[in-house]
Amino acid sequence: MSSGGLELPPGDSGHEGGPADAAGGPSGASGGVPGTAAAGAAVSLAPQAAGDARAGAELDWGADAWSEVRTRAQRAGRAYIWLNLIEQRLRSVVGAVLRPVYEPVHGGDDWVVAAAGPAGQEWVQRAVAVREVSRRKGYLLDPADDNVLSFLTLPQLRELMVQHWPCFEPYFDDRREIELALDELEVTRNVVSRNRALSRAVLEQAERASARLLEVLGAGSGSPSADRLPIDAVEDLVGDRYADVISVHPDRVRLQRQLPAEDLFGGARRLDAIGIGLNLLVQNFSGRRLVRLTEAGCRVRLLFLNPASSAVKRRERELGLRKGELSRSVEMNILHVRRVRAGLKDPSRFDIHVFDETPRFTAYLVEGQSSGIAVVQSYLRRARGMEAPVLVLRGGGRGVPKDADHGLFQTYREEFESVWEDSRPVS
């Protein structure tokens with residue numbers, strides 16, 4: 001996961017930077033390039049000294065050198081996507097705020113020159129010159145980019161924002177937060193623009209700063225539960241490489257840091273859950289909140305393992321629990337959701353069933369107005385549900401791969417429906 005909460009799961013062992021790193025360019029997909037080395041490996045790509053070894057030895061690249069080049073390209077590619085996204089967003093914000101102030105007086109593109117003022121005379125004139133060269137050489141492929149604002153860089157856009165902060169103040173609360181985030185991004189921008197090695201720590205810092213800055217600049221709207229895990233630029237580019245898996249967590253604790261229960265279940269229009277005790281829902285989402293969710297139109301179906309079944313006893317032995325300990329816990333959870341159902345005006349929208357089969361996984365399939373998300377865990381022999389690895393899947397709505405019918409979300413949906421048909425209702 002990226003450090004800003006906006007990311008994909010890591011790729012196979014041959015891709016150190018994960019799926020998003022694949023955005024670093026075609027070199028990541030080259031069939032003739034040796035596999036990537038471990039993240040901690042450091043390989044010097046500098047030419048050898050004149051007196052070293054035989055003539056021409058500096059032209060030879062072994063597996064380690066190719067691995068280092070791929071790692072650099074993958075990290076730089078991911079960082080470039082974030083920087084490009086921030087620059088385009090900041091350009092849009094600056095244009096929306098300053099154009100109405102300066103354009104009526106100065107007209108055309110001269111409003112950018114006027115906004116830069118004497119302090120920015122040098123860099124804005126340079127941007128004008130670059131634009132003219134781009135026009136003559138045919139580099140302007142999109143007419144929408146044929147303006148001076150499109151040729152301003154991130155530091156110059158920041159300078160315009162700082163110079164005219166009273167114009168931006170009504171829209172943004174904390175100038176200091178914006179400036180600190182842009183300061184952190186400047187290090188990454190400097191490294192990427194000069195094609196130098198980017199460390200993993202600096203990349204993670206840039207991702208955190210980018211996510212924070214996009215949030216401050218209002219790149220998204222609505223409550224967190226409206227689109228629980230917003231699709232970032234990296235996932236949008238390479239997400240189909242991993243079907244509908246959008247993140248992987250080593251345990252449920254780390255999942256809940258990024259995706260709290262309120263963000264997962266809040267605003268749901270359909271909630272189907274299957275597992276032994278469904279603790280993620282029952283113990284982390286209050287009964288009152290569940291009542292309001294259902295009365296707002298959510299359809300709820302909960303599928304518990306029968307606490308009186310032999311499967312519960314086997315699970316108790318696997319986990320080393322005392323006899324009856326797990327079954328009592330499941331019974332308490334079932335009693336809790338029964339009380340929730342009893343408090344509803346229309347209990348028919350809230351179904352509780354139990355099944356007697358061997359539990360193979362726990363899954364929470366949550367669908368909203370336009371998108372869905374699922375949290376899935378397999379049961380391990382010696383690990384409680386809190387300690388088991390977690391997959392987060394995206395289902396339905398924008399950003400889902402074209403072959404979503406073959407994604408994991410649909411697989412677990414079909415499995416849920418199959419078990420539901422063989423289960424028994426709880427009165």
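In strand E4, Phe355 is the bridge partner of Leu305, and E3 (residues 299-305) and E4 (residues 350-355), which run parallel, are joined by six bridges. The model is predicted, with local features requiring pLDDT of at least 70 and side-chain atom pairs pLDDT 80 or more, whereas totals for chains, interfaces and linings use all residues. Residues are numbered from 1 along each chain as its sequence is written, and side-chain values use heavy atoms, hydrogens and water being left out. Helices (H or I, at least four residues) and strands (E, at least two) are DSSP runs numbered from the N terminus, and two strands pair if DSSP finds at least two bridges between them.

The open sheet is formed by eight strands in the order E1-E7-E6-E5-E2-E3-E4-E8, with mixed pairing. Its edge strands, E1 (245-249) and E8 (424-425), each pair on one side only. Helix H15 (residues 325-342) packs on the sheet and touches E3 and E4 (contact: heavy atoms within 4.5 Å), and its direction makes about 160° with that of E4; axes are lines fitted to C-alpha atoms, for helices over the stretch in contact, and angles run from 0 to 180 degrees between N-to-C directions.

The axes of helix H5 (residues 154-163) and helix H7 (residues 175-193) come within 11 Å and cross at roughly 165°, and the two helices are therefore roughly antiparallel to each other (over 145 degrees). Their contact involves Leu154, Pro155, Arg158, Met161 and Val162 of H5, together with Arg175, Ile178, Glu179, Leu182, Asp183, Glu186 and Arg189 of H7.

Terms used:
Parallel < 35°, antiparallel > 145°, perpendicular 65-115°, else oblique.
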